[in-house]
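Here's a quick tour of a structure for you to follow along with. Keep the sequence and the 3D view open as you read.

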Amino acid sequence: MSGHSSYVPKTGIERWLDARLPIIRLTHDSAVSYPVPRNLNYLWTFGGILAFMLVAQIVTGIILVMHYTPHATMAFNSVEHIMRDVNYGWLLRYLHSNGASMFFIAVYVHIFRGLYYGSYKAPREVLWILGVVIFLLMMATAFMGYVLPWGQMSFWGATVITNLFSALPVIGETIVTFLWGGYSVDNPTLNRFFSLHYLLPFMIFGVVVLHIWALHVVGQNNPTGVEVKNVQKDTVPFTPYATIKDLFGMVVFMVVFGWFVFYQPNFMGHADNYIMANPAATPAHIVPEWYFLPFYAILRAIPDKLGGVIAMGSAIVVLAFLPWIDTSKVKSMTYRPIARQLFWAFFVVCIALGYLGAMPAEGGYVIASQIFTALYFGYFVALFVVGLFERPKALPTSIADAVLASAHGGSAARIATATAAEPNVKG
Amino acid sequence: MAHATDTSTGTTRRDFLMLATGAAGAVAIGAAVIPLVSQLAPDAQTVAAGAPIDVDLAPVAEGQAIKLFWRGKLIFVRHRTKKEIEEAKAVDVATLRDPQTDEQRTKAGHEQFLIIYGNCTHLGCVPLGNAPGDPKGDFDGWFCPCHGSHYDSSGRIRKGPAPLNLPVPPYAFNGDTKIKIG
Ligand code: HEM
Ligand code: FES
């Protein structure tokens, strides 16, 4: 949707480079002159926040590796060494461990944003599926990272999650032995998880490039869900509008991140992980990191081992099929009176599953998990059915109309002139 | 090109070469995958650590249980009380999820000793029930805290999500209280 390039090389060197590797042009077209819908709200700043978090995790991670020892007898102590002896080691480790949580907070906001505004619908299906792939890779990365400090939660988390594969008929046990490189979680397991924990973030980086490429082909969705019709009227250039807004969102996000790192660095962790791994005793109450809890609740809700694993896997994979499950053409929930309520119900269901995942698997909690698991999948069925008969509210004819209708008189005129004048302003 | 065409069948020497190259490539890739995957399996050192071990059970008093490791796997040895043995034998095997008699799980003449792997068959946690104050579940055996599986005094699954009994490792008695595991 960006049309032809508006980049004009100004110096001789730029012209020389542009004829050989048009990298400045690419940057200009995708981060400066790139048109963004003028009505984006702060939920759209989370994409930038996620990119920032990925880079932050890679930088802190590479530094941690300089001081960390991937061995079953030494890993735990090397993390304590980072915490006590390495200059600013405590900071780097807390940035990395809390960074993982913040990364997931951002990705969940980003996903719910997509669900609410129908960002998964045509023409953004591939963009959405790439997002689901990134989410899966993030889960794998965070899971393997959590194993590295080799505490009790690391060890037993690794045991429980790798054992999920033993539920597969016939080949299950072999797969588990191959994952472990032994007959239980041990040093070979730690070593291969370390290798993959280093690799996967760079694979995420690659998929993020594809994700942004796809985004720049189809353009951003927006709170009305109405596609851009007139680039002049409906959009503003990425720089300075989106750049500054993203930056502001990022700074606010970093304040929260900083608060956790400096004041509550272990709030989102578990005390048991400060006890070295002991293969002879499981902690009384093992729970995964908070960001896995809803899926963990679904796993435990099904009384059958294989069934539980299938349900948990489906809970994520079903997201990839959402573009075809949701039968409504209207994207934004703002204009869908029934689906909108379903969305909020789904949001509450996810929070409830998260709570249940942290509770012991007994009595009423199990029954509640089963009900909420049914409701979780029910959302997707309901979206399919509701789309067939729901009568959406009247959509605005264009993004500009939606914006100008809510702004008043003079200010609306001002916005209109500012936008129209924009292409002449230097980027 | 025309001179390479075998007009009677419509195939060419080039078609043959393409197929042969493709086949050779597929074999080569397949061969390359073998070491890439095989290295994930337990290595020689890990396998060698599975040599049999001798254990003396004499110090394990009645009602007591110990934990030991063989091939990196946790093993429980429980010296069962009369009551526990009777309970294990009284069960109607047909009602069990993973039907096995107590006789199949112990050695004749040594019924007091139950020797089983110590990782829950659900997702691998260590069930509680060895230490004196531990919960033993509803069947005088073990209780897995992770997702609530109950094992009886023969280590058989009775309640909860685990599908199978705690397996019996390969072992033999050589002497009244001496066993060789492996
Ligand atoms: C997607 C990005 C990443 C995520 C979500 C992530 C997540 C995690 C998590 C949750 C931990 C456990 C922290 C703890 O409780 O101590 C961890 C540890 C670790 N990660 Fe990462 N990580 C990422 C990227 C990286 C990268 C790129 C590297 C190296 C190049 C790295 C190296 C390490 C090391 C050495 C540890 C062990 C030290 C420690 O536990 O603090 N990570 N990671
Ligand atoms: S691991 Fe024992 S019940 Fe799940």
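In chain B, strands β5, β6 and β7 make an open sheet, lined up in the order β5-β6-β7 with antiparallel pairing. Bear in mind that this is a predicted model, where local features need pLDDT of at least 70 and side-chain atom pairs count only at pLDDT 80 or more. Residues are numbered from 1 along each chain as its sequence is written, and chains are lettered from A and ligands numbered from 1 in the order in which they are written.

**The sheet in chain B**
- β5 (140-144) and β7 (157-159) of chain B are the edge strands, each with a single partner, so one side of each has no neighbour in the sheet.
- Ignoring direction, neighbouring strands here are turned by 35 degrees against each other on average.
- Four bridges connect β5(B) with β6 (residues 149-152) of chain B, and the two run antiparallel; strands pair if DSSP finds at least two bridges between them.
- Opposite B:Asp140 you'll find B:Asp152 in β6(B).

- A:His96 sits in helix α5 (residues 89-116) of chain A and A:His197 in helix α9 (residues 187-218) of chain A, 101 residues apart.
- Both A:His96 and A:His197 are buried, meaning under 20% relative accessible area (1.4 Å probe, protein chains only).

**Confidence**
- Chain A has a mean pLDDT of 92, with 94% of its residues at 70 or more; pLDDT is the predictor's confidence in each residue, from 0 to 100.

Technical notes
Heavy atoms only, no water. Buried < 20%, exposed > 50% of the residue type's maximum accessible area, 1.4 Å probe, protein only. Axes fitted to C-alpha atoms, helices over the stretch in contact; angles between N-to-C directions.
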